[in-house]
Each structure stands twice: as C-alpha cells, then as structure tokens.
Amino acid sequence: MSFKSPTTFSTKLTLWYALTFFLFLLISFCILYFSVNAVLDSEITEDLIEDIDEFRTLYDDNGLGEIKREIRNENATEDSNDEFIRLLNLEGKEIISTNLENWKGLYVFDTKLKRAVETYPEPIIETIKLTNHEYYTKVAYALISDKYILQIGESTEDKNDLMEIIAFALAPLFFIAIPIASLVCWKIAKHTTKDIEKVSKTATLLEAGDFTQRVKIGSNVSEVISLGSSFNSMAERVQSLISEMREMNDNIAHDLRSPLGRIRAISEDSISNNNTLDEYKVASAQTLEECDRLISMINTTLDVAEAESGVNSKHHEKVDISSIVEEVCELFEPLAESKNISLTSTIQPNKIIIGNKQNLQRMLSNMIDNAIKYTENNGEINVQVSNNEKEIKILIKDSGIGIPADEIKRVFDRFYRCDISRSNDGCGLGLSFARAVARSHKGDIQIKSEVNKGSAFTITIPY
Amino acid sequence: MKLLLIEDDKILSKFIVKGLHEAGYIVDHMPDGLTGLEALLQNTYDLAIVDLMLPKLDGLSVIERIRDKKIKLPIIILSAKRSIDDRVSGLQKGSDDYLTKPFSFSELLARIEALLRRSSDINDLSELVFEDLSLDLVSRTVVRDNKKIDLQPKEFALLEYLIRNAGRIVSKTMIIERVWSYDFDPGTNVVEARISKLREKIDKGFKKTLIHTIRGLGYTIKK
C-alpha cells in the first residue's frame, strides 16, 4: 500500500506491527529449524564415528572373526533399511556386509579408500543420494588396522521425519499468531487513537467558536493523557483570553465612546447655538481636554504593548531606583497634601538596578497616583525601598478603600476598573503598564488588600 | 526667521502655517519629500519641521540627504510613530527633536524656540525679572514687591520655566518634561497641585495675579 495517501494511525500501526511480527516469527523459525537440523546432523555423524570406534576396538581385541560375527548380528537386529555396514579390503573388495538389498547403487570409490588410508585415524564422511532412497544417506569410510576399510552408512530419514514434524507444528503459528497479534495491536491502536480523535474533534468545535469544549481522556497512555491535559489547559487559556478580550473591547468601546460622545455634543452645540465668544472658548477647551484623554489612552495602550513585548529592554542602563522613588514621592507630595494625605517614605539610598528609567518613573508614578486616588482624605500612604541579596523591594502601602478579594487578580487587566473606581478619572491602564514594566525588568507586582482598610503593592525587581 | 514645513496632511499644515505666521515666522510649506528636499537645498532656512511618512521621499531620507550635504539647520521630526526605536532612529539620522502626533501647537512653538535660541545668550542670564517678580538664578532666591518668597527647588525651577516662557502657554506635558524631565504625563492632577502650591506663594496676598490657567491648554505667566 502507499503511505502517501492519508491512512489512519491504527491501520498503519497494525500493518507495520503485523509485518514486523511476521518477520520476527520467520527468523525465529529459521533459526530453530536450522539449529535443530544441525544438531541432528552432527548426531548422525557422531553415531557413525562411535560405530567405527567400536569396530576398531573389536578388531584390536578379537580380530576379524569377531567383526564378521558383529555384522551378522547387526543383520539380525537392526532395520536394514536404516543402516548398513560393509567391510572392504584395501582394494575395495567386499569381505562381509549387512543386508544390502535396500542399498542399491552403493558404490565404492577408490579415491575415498585412498583418502581414508591417508587421513587415518579420521574417517572420510560424505553425504550421498541413493536412487531408491527418499532421503540422503551419510556414509563414512574408516581404516581398521591397516588391512581393512569399514564402510558404514546411516539414512537421514529419521532426522527428516523429525524436521517435518517441527515444521508442521510451527506453520500454524503463522496463521494463528499473526492475526491474533494484529487484532490485539489494532485494538490498542484504536483505543489510543480514539482519544486523539476526541482531541481533534474538540479542536474543530473550538475552532467553530464553542470555547467551553474540553476533552475527556479515557486512555491510560501517559503521552495521550498529557496531550489531553495540555490541550485542555490551552483551551482554558484561550477561553479566558477571549473573554478577557471581549471585556477589554467592551471597556475600550465604552472608554472611547464617552469622550467622543462629549466632543460630539460640544461641537454640535457650538454649530447650532448662538454662543458668546467665551462660551466658544470653553467649548474648544473642553474638546481639547477630551482629545488629550483619548490620545493618552491610545498612547498608553501602545506603551503597555511595547513594555510587554520587551522591546524596551534594549534601552536598559544603570539607574538609581532609590532616587527615582524619591523624586516621584517628591512630585506627588503636593497632590497628596491637597487631600491632606500624609505621604511618607523610608528609602534605602543608592540602590542601583539595570533598567529603563522612563518606564520605571512612570510605573512608580502610576502606583503612587493610584494610591492617592483611592485613599480618602486624611489617609496615609507609606513608600518603602529595601533590598535583600537577590532583589529590590518597593512597597507602596495605603490606608485607602482597598480592593475586594475577587477583583485583586483582575486589576492588572487592561481597561479593567473595579466597580468602585469606574466613575473615577483614569483609563484603567495604570496597573497594566506598571506590571508590564516590572515584568520587563524580570520582576513582578504583588497585592495584599483589605476592603476599607487599604492596599499594599509590592514591586520586586531582581538585580 | 524663516522656517520650512514638509508635511502632507493639508488640514494640519494649514493650522501649523497659520500658527507660525501668528508667532511671527515666515513659513514655506512643501507637501512631499522631494519638493521639500529641493527647497532645503536651494534656500537657506533657520529650521525645518519634517513629517516622517511623506509621499515620494520619506522624512528620514530627506534628513539623511540634508546631513550628507553638511547642511546644519535644526530639524524637528513630526511623526505619528512613537516607539522608542522610531525616536532613537530619528535622532540618529540627524534630527534635533522628535514630536509625536497629535501634539499641542504651543509645544511645537516652544520646541522651535528652544532650538532657535540654543546659541543665543538668553541662558546665561543671572537674573530673570517679570513685573514686580524677580528671580536670582545664582542664589536661587525669589523676591516679589520687595518681599522674599521661600520656594522649594522644584518650585523655583517651575517658576523659572514659566517666566522664561512668559506670555506663552505651556502645557502640563511640557512642564513635567522640562521641570521634572519625565517623558510622559504622570496623571492629570500632579501639575495642577504643583501650580496651585506655587500660586499660593507667588500670587496670594498680591493685588495682581501672575499665573493663569488656560483651560484645555495649560498655564501661562502674564500681566
């Protein structure tokens, strides 16, 4: 079959498995067959050599007469179809033999006799095919004393019978074992791919827009389980990102629409009514303010994206974070004073980190601006800069309105504003920007907060 | 003073040209990079304002060719691109300032003036006087109507900046950038709080108010 066309994984796996299994069986079978064959073959040779040794001993002990008697005995007991013994003189003339009726075509070759004499005491062994014998015959020529040559032969029929039995016993394995193994393999593959198919079907549903779909894995194959769980966590992330984005879009639309609506109303009033010059000036000023709000919102959105992408890290340099914090505190001091908030700071001097000065200034401005915004009149804000051997810690603690526990996670989302702060001035980007900056410095921001008691923001930046 | 504006946005150009005329400058306007480059090569200008995205030849190439010819006039880039990389490459190509769109006209004016007077001696003054208010730039002391006024260093810097731009409107962004050297607007109320603090010290108890708020635009010091 062609593997270029798409085939199911199960089919492919089963086919490969069956092929491999077949080859494996075939090789095992061959090894078994040929090694049994070799063992039996060498056993026949050993038999022949044993017989030769026996006859040599007989001759040495008791002379020719005893050998003749032994051959006659063999004639009476042994199956003459299986084995023959013949005693020859050095010219190849027969002296005595077992019944050779069944061994027609058994010749004596001079060369063999000569070689048997030469190689003494080793016998000459050859395998021949006799016309009236179905199987090969193993024949040995051996010199006995220096006058006679013993020609002794044994049919390989027994051996071949045994090999046939082995072959017949093994052959069915191919017809039974391969289909069974393939079936088992097919089942396992199906079971595994069922879950993969589930993942693929769920992905299709997700693509169609149903982001609540998840995969339930029935398999206990660890790779499939991990595929399923990573697929599910991906789907989870996609779902939360999409809902975040939808909410963000709603918020952006709201935040864009409101100032645009005001600009539109102001302009409409300017055109349609007879206003005084001062009223026109106020209208223009209001339009300017709304435009600036929109511009700053758009710019900050881009800045958050830029900080998140980490492009700014190219422009990092040595900065004194202690003096940055000090300057920002100094900058916001009058604003805090206008709400009668005490803005205090405990700053360890000369803490140097590698970073982007502008972004760090802006991050801290956002945090302190927020703290002032969400702290009631006569409240307290405390800023601390400290460090351990690994990181700089900047703590901004206020006695403000706090953040409800279920909203803490979301205050970093772009355009997210807690219910209480929605009416407040600002675009909901301050903390998103702050965290993006902290993260672009390989740090982060943690929040601890209690409603009506206050919040503590901890910025950590490694150095 | 003769300026060249290379900008393809017709409405924006019209307002810039009008505003610069009113500020007392002679302005030529070219709507694309090629005619802009020709004008710069044939005439002598005191300053050029160049948009980056221009038809026929982009702003950066115009600046590059001008600098290749060793023409040294100050150049301000006007651009809607505002990433750090864009700004850095603009300054590397030989511009002197970078202003992102949309911008306030008063800011453009302030930047033009800052570049034009760079070589003049206004920065070497040791005393600034406005009406009955005088700033000693050496001893960092302020006197109004013969009464000494105590100012914090930043308040002094803010007042100095306002007086140096007397009669002109300075925006919150300009103040935060020049006085605190922050490259962004850190919240709307910060400058306001600063200005009202300064007012308390400078204007409170005196007949004439000097620091004025121009709604939607910023602040100015005037009679």
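The model is predicted, so local features need pLDDT of at least 70 and side-chain atom pairs count only at pLDDT 80 or more, while totals for chains, interfaces and linings use all residues. Residues are numbered from 1 along each chain as its sequence is written, and chains are lettered from A and ligands numbered from 1 in the order in which they are written.

Let's start with chain A, which has nine helices and 12 strands (DSSP runs numbered from the N terminus, helices being H or I with at least four residues and strands E with at least two). Of its 463 residues, 25% are buried (20 or more other C-beta atoms within 10 Å of a residue's own; exposed means 12 or fewer, with C-beta atoms placed from the backbone).

Now to the contact between the chains, where 25 residues come from chain A and 22 from chain B (C-beta atoms, placed from the backbone, within 7 Å). On the side of chain B, helices H4 (84-92) and H8 (189-202) each give two or more residues, and H8(B) gives the most, with five.

| Class on the side of chain B (members) | Residues |
|---|---|
| nonpolar (Ala, Val, Leu, Ile, Met, Phe, Trp, Tyr, Cys, Pro) | nine residues |
| polar (the others, Gly among them) | five residues |

Finally, helix H3 of chain B (residues 59-68) has the buried residues B:Gly59, B:Leu60, B:Val62, B:Ile63 and B:Ile66. They line one face of the helix, because they fall within an arc of 160° seen down its axis (taken from the directions from the helix axis to the C-beta atoms). Exposed B:Glu64 and B:Asp68 sit on the face of H3(B) turned away from that buried side.

Conventions
Contact = placed C-beta atoms within 7 Å.
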